[in-house]
Amino acid sequence: SRNDRPFRMAVVGSGPAGFYTAYRVMSRIQQAKVDMFEALPVPFGLVRFGVAPDHPEVKNCQDKFEEVASSPNFTFIGNVAIGNEGGHFQGCTIPLASMMRHYDAVVFAYGASKDKKLGIPNESELRGIYSAREFVGWYNGLPEYANLAPDLTQGEDAVIVGQGNVALDVARMMLENVDVLRKSDITESAVETLSKSRIKRAAFTIKEVRELMKLHGVSFHPIDMTLLPDELSKLPRARRRLMEILVKGSTSKPEHSHKSWSLDFCLSPTEFSGTPDGKVQSTTFERTSLSSPFDPASSVQSLGEKLQIPSSVVFRSIGYKSVALPGFTEAGILFDDKRGIIQNDGFGRILQIARDGVAGNNETTTLSGAYCAGWVKRGPTGVIASTMEDAFSTGDAIAADWATEAPFLNSEKSHGWEGLRTEVDEDKCRVIQWEHWKKIDKAERERGLLAGKEREKFTNTDDMLAASR
Ligand code: FAD
């Protein structure tokens, strides 16, 4: 019976979703053994490579992850990508099917490794147009974008297309005093580039704005009042607070500010234009109107009127996107390309085409032993707290299935990493286990000490690997 043997689970990805699912399963199933695969040599996903450096308190969840990793039932297998993802991963890859043979269950928690595009003319051709993912990855030391070298010296106007928290981070990083940033764990080369930035004005659309209103020496262009609802007092509380912040404006007034930002609503980008030598110069927007302002359900109409905004640099911040892993089709895992999520039952149980289903007919059933959590389950929205809740629901589904003797990936005893590692050339792979990560961590903190900050990250995998032994 199952009670005689440990439950062997593989987790793909070491961000919040992976760690919180591992935590939940390990606390619900006695003798659960969890192996966590991470493509990079370092753990924590977007907690390390997404969260803004000037928000260190957000990274406190790492303490919980450390605790999970310290369990003797937990194994970290870093620098190993699951699937045949080549590209920027310099470690080795293990084919999905080989990995799955060694586990009772697998949890896909690999986040969103791509970003959405606007799909408008010159977006890919002109220099100076960056995705927020690239820019954020660069200032946070993601090896993939270590050499991005964004050019912030072409002029004074930044245009940010998008209206999420990420857009806010991007604007703040550009407008914030570099001496404030210097003390954070932002990479040294990013501080260097930002200190030479000529950007003085940022125009974009955003929900959470309070922090930007308080930046020293940065003023806010008054909002277009005609867009606000007539009676603020009748709005739901959260929305009313936001409107009040917008109306009140920034703490720094224009006459005392050398930098500024504005929120431009009801503009839909239609085209980028550039200089003859291929650098972005302006963004053309189409004016739109909402059937009912500030109602998320209202429809958008074009007013047939265009507006050109000077753009020395452009950031596209319209969302991250998950993609299917190579091997999904063969494994029967359904991926929704349009929504960028693994198809699941809402609790993280992955769906496959029903065996007796007819092709083209959407009959699905759950795929035994295959689960997902986090952004790849829900789509790329939500903070760490919502990712935790989501991971807990997946963890509970796994524990419930194990308790009911539901079928899993393998009917026989699985050996997990102990079995799988015999198929892997570990020397070539340079597998990073938790004690190796601790060495990298220590080396980064020591570098930080010299620079008067918490940590100076390594920004390329070779340096990480060198510090790990
Ligand atoms: P991720 O954190 O992306 O983790 C996925 C992991 O899987 C990564 O480590 C990746 O390298 C790995 N991986 C990918 N492919 C493979 C593979 N084939 N094999 C093995 N491993 C693989 N939330 C907050 O609460 N506060 C904030 O201030 C905040 N700021 C944010 C700022 C930005 C710019 C972004 C993008 C997000 C921010 N969030 C913030 C949201 C938060 O980061 C996410 O909710 C959370 O990280 C999602 O967790 P995840 O585990 O699903 O994905």
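## Exercises on a predicted model

α1 (16–28), β2 (32–38), α2 (46–49), β4 (80–82), α6 (165–175) and α13 (384–403) each put at least two residues into the shell around the ligand. Keep in mind that this is a predicted model.

**Exercise 1. Work out where the ligand lies relative to the domains, and describe its shell.**

Step 1: see who contributes. Domain 1 and domain 2 both give residues to the shell, so the ligand lies between them.

Step 2: look at the shell in detail. There are 37 residues around the ligand, and Gly13, Gly15, Gly45, Gly111 and Gly374 come nearest. Among the elements, α1 gives the most, with three residues.

Step 3: sort by class. The shell has 21 nonpolar, 13 polar and three charged residues.

**Exercise 2. Describe how domain 1 and domain 2 meet.**

Step 1: count each side. Domain 1 puts eight residues into the contact, and domain 2 puts in 16 residues.

Step 2: On the side of domain 1 that touches domain 2 you'll find four nonpolar, two polar and two charged residues.

**Exercise 3. Decide whether α16 and α17 are roughly parallel or roughly perpendicular, then list the residues that make the contact.**

Step 1: Two packed helices are described by the angle between their axes and the distance between the axes.

Step 2: read both values. The axes of α16 (residues 434–451) and α17 (residues 461–468) come within 7 Å and cross at roughly 105°.

Step 3: classify the angle. The range 65 to 115 degrees counts as roughly perpendicular, and α16 and α17 are therefore roughly perpendicular to each other.

Step 4: name the residues. From α16 come His436, Lys439, Ile440 and Ala443, while α17 brings Met464, Ala467 and Ser468. By class, that contact has four nonpolar, two polar and one charged residue.

**Exercise 4. Find out whether Leu367 is buried or exposed, and what it touches.**

Step 1: locate Leu367. You'll find it in strand β21 (residues 364–372).

Step 2: count neighbours. Leu367 has 20 other C-beta atoms within 10 Å. The cut-off for buried is 20 or more, so Leu367 is buried.

Step 3: look beyond the local sequence. Skipping neighbours within four places, Leu367 is in contact with Gly332, Ile333, Ile350, Leu351 and Gln352.

**Exercise 5. Take Gln31 and Arg430, give the phi of each, and say how exposed each residue is.**

Step 1: the angles. Gln31 has phi near 65°, a positive value in a residue other than glycine. Arg430 isn't a glycine either, and its phi is positive at about 50°.

Step 2: the locations. Gln31 sits in the loop between α1 and β2, and Arg430 in the loop between α15 (426–429) and α16.

Step 3: the surroundings. With 13 other C-beta atoms within 10 Å, Gln31 is partly exposed. Arg430 has 20 and is buried.

Step 4: Arg5 is 26 residues away along the chain, yet the two C-alpha atoms are separated by 7.7 Å. Arg5 belongs to the segment before β1 (7–12) and is partly exposed, with 13 other C-beta atoms within 10 Å.

Note on methods: Residues are numbered from 1 along each chain as its sequence is written. This is a predicted model: local features need pLDDT of at least 70, side-chain atom pairs count only at pLDDT 80 or more; totals for chains, interfaces and linings use all residues. Helices (H or I, at least four residues) and strands (E, at least two) are DSSP runs, numbered from the N terminus. A residue is buried if 20 or more other C-beta atoms lie within 10 Å of its own, exposed if 12 or fewer, and partly exposed in between; C-beta atoms are placed from the backbone. A residue is near a molecule or strand if its C-beta atom, placed from the backbone, lies within 6 Å of it. Ala, Val, Leu, Ile, Met, Phe, Trp, Tyr, Cys and Pro count as nonpolar, Asp, Glu, Lys and Arg as charged, and the others, Gly among them, as polar. Domain bounds come from an automatic or database domain assignment. Axes are lines fitted to C-alpha atoms, for helices over the stretch in contact, and angles run from 0 to 180 degrees between N-to-C directions. Angles under 35 degrees count as roughly parallel, over 145 as roughly antiparallel, 65 to 115 as roughly perpendicular and the rest as oblique. Two residues are in contact if their C-beta atoms, placed from the backbone, lie within 7 Å.
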